[in-house]
Amino acid sequence: MIDLYTWSTPNGRKVSIMLEECGLDYAAHPVDISKDEQFKPDFLKISPEQPHPRDHRSRQRQIAVRIRAILLYLADKTGKFIPKDKDGYWLTMQWLMWQMGGVGPMIGKSTTS
């Protein structure tokens, strides 16, 4: 079981979608960043940096990493969405890096002034 501490943000949605697509069991725990819940002492004990999933079946007790690393962790854990062949792997990495620095960040930004 994975505990996902998240809020309804573009990055939070990416992880939720990936968990669903991978077919993994998880429990979502809302962390309302509009109320600064990510800075409360109880939450900081779990995650000193940001919301993240906690995989109870992993050798690592917590995976405190950035969103893209979480996506890679979940893909590796399930063997889904990352080709095994070298060319396919690097093509996937190319698109992931583009998403990280291109359209991905822009989706969360407002277009109004």
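## Close-up views of the predicted model

View A. D36 is partly exposed, with 43% relative accessible area (buried means under 20% relative accessible area, exposed over 50% and partly exposed in between, with a 1.4 Å probe and protein chains only). This is a predicted model, in which local features need pLDDT of at least 70 and side-chain atom pairs count only at pLDDT 80 or more, while totals for chains, interfaces and linings use all residues. Residues are numbered from 1 along each chain as its sequence is written, and side-chain values use heavy atoms, with hydrogens and water left out. D36 sits in the loop that joins β2 (26-30) to α2 (41-46); helices (H or I, at least four residues) and strands (E, at least two) are DSSP runs, numbered from the N terminus. Although D36 is not a glycine, its phi is positive, at about 60°. Most residues other than glycine have a negative phi.

**View B. Overall arrangement of the protein chain.** The chain contains five helices and three strands. Read from the N terminus, the order of elements is β-α-β-α-β-α-α-α. The chain has 113 residues, of which 32% count as buried. Among contacts with a separation of 6 or more, 57% join residues 24 or more positions apart (contact means heavy atoms within 4.5 Å).

**View C. Salt bridge between K35 and D32.** The side chains of K35 and D32 form a salt bridge, 4.0 Å from N to O; the term requires a side-chain nitrogen of Lys or Arg within 4 Å of a carboxyl oxygen of Asp or Glu. A search of the whole structure finds one salt bridge. K35 is exposed, at 59% relative accessibility, whereas D32 is buried, at 8%. Side chains of opposite charge can pair when their charged atoms come close.

**View D. Q38 and its contacts.** Q38 is located in the loop between β2 and α2. Its relative accessible area is 16%, so Q38 counts as buried. With neighbours within four places in sequence left aside, Q38 is in contact with V31, D32, I33, F43 and L44.

**View E. Largest nonpolar core.** This core holds 16 residues, and I2, V15, M18, L19, L24, I70 and L74 touch the most other members. A nonpolar core is a set of buried Ala, Val, Leu, Ile, Met, Phe, Trp, Tyr and Cys residues joined through side-chain atoms within 4.5 Å. At least two residues of this core come from each of β1 (2-6), α1, α3 and α4. Six residues, the largest share of this core, are supplied by α3. In soluble globular proteins, nonpolar side chains tend to be buried together.

**View F. V15 and I67.** Apart from neighbours within four places in sequence, V15 is in contact with L4, I67, I70, L71 and L74. I67 belongs to helix α3 and is buried, with a relative accessible area of 13%. I67 and M100 are 33 residues apart along the chain, and their C-alpha atoms are separated by 9.4 Å.

**View G. Second largest pocket.** On a 1 Å grid over the protein atoms alone, a cavity is a set of points where a 1.4 Å probe fits but cannot get out, and a pocket is an open set with protein on both sides within 12 Å along at least five of seven lines; lining residues have an atom within 4 Å of a point. The lining consists of K14, I17, M18, E21, L71, L72, A75, F81, I82, T92 and L96. Helices α1 (10-22), α3 (67-78) and α4 (86-101) each supply at least two lining residues, and α1 gives the most, with four. By type, the lining has eight nonpolar, one polar and two charged residues, where Ala, Val, Leu, Ile, Met, Phe, Trp, Tyr, Cys and Pro count as nonpolar, Asp, Glu, Lys and Arg as charged, and the others, Gly among them, as polar.

**View H. E21 and F81 at the second largest pocket.** E21 and F81 are among the residues that line this pocket. E21 lies in helix α1, while F81 is in the loop between α3 and α4. The two are 60 residues apart along the chain, with their C-alpha atoms separated by 9.4 Å. Leaving aside neighbours within four places in sequence, E21 is in contact with K80 and F81. F81 is partly exposed, at 48% relative accessibility. F81 has a positive phi of about 75°, although it is not a glycine.
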